[in-house]
Amino acid sequence: MNPILIQLVGVLGTVLYFLSYQCKNNRRLFQVQFLSYSFYTAHLLLLGAFTGGFSYILNLVRSFCLGSKNAFLRSRWMCALLCVGQCAVLALTWGGWLSLLPVAGNIASTIGGYTRNARKIRIAGLCINSPLWILYDILVGSWAGILDEVVSDVSMIISIIRFGWNNLDEVQD
């Protein structure tokens, strides 16, 4: 497949991910991220970045679960299952220390998301997930992924300014 088209698939994911942090409601945020992750899964798999691609499949599941009304799917048990799933992806796609980056970032985002606290979701994204993914994206050649992380960080910062840091410190179901 054309390398430019592969990057464009990732850019579509970037646009959607940016829009997700402009949703104050956590359920809507996770629904928009579900669409974003669909594009990123395809993008990474097309690049041959299998740990990142398969790890993103679990992000799709996570966003579906967190965006649902089902109590079990939003429970700590499901959070634990998703984190174990990330570790399974790591074991099955192990390609050296590089494989640790997306999995560790996604575990941090999973735990942050399952707190249902908008502030903690953004802290996990800005301080753990994004830096690990930027490094991974650089190393696997995902220019769209690098753009996504930068745009996502800017979007998170905008949401903090828009909604106020203190207003984000509440748990939403």
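Buried here means under 20% relative accessible area, exposed means over 50%, and partly exposed lies in between, using a 1.4 Å probe and protein chains only. The model is predicted, so that local features need pLDDT of at least 70 and side-chain atom pairs count only at pLDDT 80 or more, while totals for chains, interfaces and linings use all residues. Residues are numbered from 1 along each chain as its sequence is written, and side-chain values use heavy atoms, leaving out hydrogens and water.

Q: Is Asn117 buried or exposed?
A: Asn117 lies in the loop between H5 and H6, where helices (H or I, at least four residues) and strands (E, at least two) are DSSP runs numbered from the N terminus. Its C-alpha atom is separated by 21 Å from that of Tyr37, 80 residues apart along the chain. Because its relative accessible area is 5%, Asn117 counts as buried.

Q: Which elements do the buried residues of H2 pack against?
A: H2 has 22 residues and reaches 30 Å from its first C-alpha to its last, close to the 32 Å expected at 1.5 Å a residue, the expected span being 1.5 Å times one less than the number of residues. Its buried residues are Asn26, Arg27, Leu29, Phe30, Val32, Gln33, Ser36, Tyr37, Tyr40, Thr41, His43 and Leu44. Taking contact to mean heavy atoms within 4.5 Å, these residues pack against H1, H3, H5, H6 and H7.

Q: Which residues does Gly67 touch, not counting residues up to four places away in sequence?
A: Gly67 lies in the loop between H3 and H4 and is buried, with a relative accessible area of 9%. Gly67 and Phe30 are 37 residues apart in sequence, yet 5.2 Å apart in space, C-alpha to C-alpha. Not counting residues up to four places away in sequence, Gly67 touches Arg27, Phe30 and Gln31.

Q: What relative accessibility does Trp133 have?
A: Trp133 lies in helix H6 and, residues up to four places away in sequence not counted, touches Leu44, Gly52, Tyr56, Pro102, Asn106 and Glu149. Asn106, which lies in helix H5, is in contact with Ser55, Tyr56, Asn59, Arg62, Gln86, Asn129 and Trp133 when its neighbours within four places in sequence are left aside. Asn106 counts as buried at 2% relative accessibility. Trp133 also counts as buried, its relative accessibility being 1%.

Q: Which helix gives the largest share of the nonpolar patch?
A: Trp94, Trp97, Leu100, Leu135, Ile138 and Leu139 form a nonpolar patch on the surface, with about 620 Å² of accessible area together, areas coming from the Shrake-Rupley method with a 1.4 Å probe and, for residues, only the protein chains shown counting as cover. Trp97, in the loop between H4 and H5, is exposed, with a relative accessible area of 53%. The largest share, three residues, comes from H6.

Q: Which residue just after H7 takes a positive phi?
A: H7 has 21 residues and reaches 30 Å from its first C-alpha to its last, close to the 30 Å expected at 1.5 Å a residue. What covers its buried residues includes H1, H2, H3 and H6, and among those buried residues are Ile146, Met156, Ile160 and Phe163. Just after H7, a positive phi of about 85° is taken by Gly164.

Key: Patch = residues over 30% accessible without salt bridge, like charges linked within 9 Å, V, L, I, M, F, W, Y side chains within 5 Å. Salt bridge = Lys/Arg side-chain N within 4 Å of Asp/Glu carboxyl O.
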